[in-house]
Amino acid sequence: MDEISFNIYGESVLNLSYDNTIFCLLEIVRSFRDKRDWSIYHKPKDLAISITIEAAELLELFQWLSDEDIEQLRSSQKFISRVAEEISDILIYLLSLVDILGIDIVEQVKRKIKANETKYPPEKFGGTKFKEWLLSKYL
């Protein structure tokens, strides 16, 4: 398959081949699951639970750390590797859930972003305006 390019403001920011797309990842996850006959365990509820467990493991890596601590750890390959492992676990379970429910995740993400564009216009919610709006709800 040809390479896919993404441009922002005329600059190429990301070049992908099919091997680096969400569709390829979905095939890899599906193949891994099916070779082990694990689809018997991949029920929507169980996958949703697994996503939450893995998200909690990701959150645990940041627990008790200040923003300054995290900024310092961004240069630690060991820390970034652990974060990447947990993110990968989350994505694997998400892709598994998308697969068994037959969700076109690309289309759904586009739809959700479009809805959020309407819900949160930049002129009303851009920059610090969002935080000001949030605080005004309670103060």
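1. A residue is called buried when its relative accessible area is under 20%, exposed when over 50%, and partly exposed in between (1.4 Å probe, protein chains only). Serine 96 is therefore buried, with a relative accessibility of 2%. Of the 139 residues of the protein, 17% count as buried.

2. The model is predicted: local features need pLDDT of at least 70 and side-chain atom pairs count only at pLDDT 80 or more, whereas totals for chains, interfaces and linings use all residues. Residues are numbered from 1 along each chain as its sequence is written, and side-chain values use heavy atoms, with hydrogens and water left out.

3. The protein has seven helices and two strands, where helices (H or I, at least four residues) and strands (E, at least two) are DSSP runs numbered from the N terminus. Along the sequence they follow the pattern β-β-α-α-α-α-α-α-α.

4. How do helices α2 and α4 pack? Two packed helices are described by the angle between their axes and the distance between the axes. The axes of α2 (residues 44-62) and α4 (residues 77-101) come within 9 Å and cross at roughly 165°; axes are lines fitted to C-alpha atoms over the stretch in contact, and angles run from 0 to 180 degrees between N-to-C directions. The two helices are therefore roughly antiparallel, a term for angles over 145 degrees. The residues of this contact comprise 16 nonpolar, two polar and five charged.

5. Serine 96 lies in helix α4. Leaving aside residues up to four places away in sequence, serine 96 touches Val29, His42 and Leu47, contact meaning heavy atoms within 4.5 Å.

Notes:
Parallel < 35°, antiparallel > 145°, perpendicular 65-115°, else oblique. Nonpolar A, V, L, I, M, F, W, Y, C, P; charged D, E, K, R; others polar.
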